[in-house]
Amino acid sequence: MERVGESASEVEEEVGRVVEQARELQESGSSLISRITNEEQSLRQKANSIESSIRRLRSLINSLLSQKLLDPKLADKLEEDLHRARCIITDGDAAAFLPAKAQGRFLRMFLGPINVRASRKDVQLKVKEEYNSYRDRTAFLFLLFPLTLLILRSWIWEGCLPAFPVQLYEAWLLFLYTGLALRENILRANGSDIRPWWIYHHYCAMIMALVSLTWEIEGQPNCAQKQRGVELFLQWALMQGVAMLLQNRYQRQRLYTRIALGKANRMDVVWGETAGVDGQLWVLCPILFLMQGFEAYVGLQLLKTALAGVVSEWQVTFCGIILILMAIGNFINTVQTLMAKSRFKAKMKRTKSKQELN
């Protein structure tokens with residue numbers, strides 16, 4: 001009985017020690033979190049101060065330039081130094097202390113009010129790499145899917161596409177563009193520099209894919225005439241797949257060049273306004289303009305088909321208008337990209353000439 005009593009007393013004492021240790025751990029944890037929070041707040045204030053100083057200095061440089069009180073070459077150098085300073089902050093661990101970008105309604109609609117901003121740079125870079133891998137995978141599928149449908153249409157289906165494969169492709173397009181839009185919004189929340197148009201473009205493509213799912217694919221009689229819009233859309237999708245593969249390859253190489261030069265941070269993704277190998281650009285740009293022209297042509301053909309009464313569904317008219325708007329937006333964005341590239345190359349030439357003179 002004595003041993004049992006001693007054993008029970010020892011257990012009680014040990015339980016008391018564990019409870020005390022748990023309390024001490026809680027107090028230490030609370031103290032550590034409080035200390036880290038204070039230090040983090042101090043770093044956030046410092047990051048905000050540096051950001052404010054960069055904006056103020058840029059405004060001051062522009063003001064001095066407009067008043068002709070500052071040499072343009074010196075202004076270019078100072079602007080480059082400020083851009084490099086910002087890249088140092090945004091490309092390192094200090095980026096976690098910068099103000100987070102608003103996540104937007106799209107992310108809140110799909111994910112709810114959760115914070116998708118990663119506090120560690122390695123996690124942010126994994127998000128970016130996953131986005132690039134998703135683009136590469138879907139580019140091949142974008143090329144393969146319509147090519148398969150067109151081949152089967154000619155060889156097996158006797159020139160008349162069944163409804164189910166086409167609707168399956170449209171459902172895949174909806175999944176693709178939704179995935180791209182989600183990933184791009186998450187990247188923007190983590191500090192990536194993505195032009196807003198590309199996200200809006202994917203919103204438009206999502207809506208078009210959703211509407212096209214309700215589009216009745218008619219067959220015989222006059223199947224070739226009724227499905228002319230579908231055929232043109234699949235041909236355009238083939239060109240889009242080729243362009244996506246070229247864009248991914250060219251733009252990623254240019255992005256790596258900009259990161260090495262300190263002109264971009266590691267969270268930026270490809271969108272092609274950079275300096276680089278002119279040979280690849282001369283191949284890419286004609287394909288982009290040709291694809292945009294064909295996209296507008298497909299949209300006009302859909303409108304023509306609807307107005308002629310060949311296919312009277314409202315979905316045909318809607319998809320035609322969306323395709324035309326997307327073609328115009330893509331064209332404007334591509335021209336702006338080329339103009340930015342031209343300005344960047346001119347700036348680089350001026351810097352190089354100045355270095356040679358010195």
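Is Arg137 buried, partly exposed or exposed? Select Arg137: this residue is partly exposed, with a relative accessible area of 44%. Here buried means under 20% relative accessible area, exposed means over 50%, and partly exposed lies in between (1.4 Å probe, protein chains only).

This is a predicted model, in which local features need pLDDT of at least 70 and side-chain atom pairs count only at pLDDT 80 or more, while totals for chains, interfaces and linings use all residues. Residues are numbered from 1 along each chain as its sequence is written, and side-chain values use heavy atoms, with hydrogens and water left out.

**The whole chain**

Colour the chain by secondary structure. There are 10 helices and 0 strands; both kinds of element are DSSP runs, numbered from the N terminus (helices: H or I, at least four residues; strands: E, at least two). Of the 358 residues, 40% are buried.

**The core**

Next, select Phe142, Tyr169, Leu173, Leu176, Tyr177, Phe233 and Val298. These residues have the most contacts inside the largest nonpolar core, which has 50 residues. Such a core is a set of buried Ala, Val, Leu, Ile, Met, Phe, Trp, Tyr and Cys residues joined through side-chain atoms within 4.5 Å. Helix α5 gives the most to this core, with 11 residues.

Stay on α5 and pick Phe175, which lies in that helix. Phe175 is exposed, at 56% relative accessible area.

**Salt bridges**

Side chains of opposite charge can pair when their charged atoms come close. A salt bridge is a side-chain nitrogen of Lys or Arg within 4 Å of a carboxyl oxygen of Asp or Glu. The structure holds 7 salt bridges.

Glu130 is partly exposed, at 34% relative accessibility.

Now select Glu79 and Arg58, whose side chains form a salt bridge at 3.1 Å, N to O. This pair links distant parts of the chain: Glu79 is in helix α2 (residues 72-90) and Arg58 in helix α1, 21 residues apart.

Then show Arg23 and Glu20, another salt bridge (4.0 Å, N to O). Both residues lie in helix α1, 3 residues apart, about one turn of the helix. Arg23 is exposed, with 52% relative accessible area, whereas Glu20 is partly exposed, with 39%.

Last, select Lys77, Asp81 and Arg84, which are linked in a network of salt bridges.
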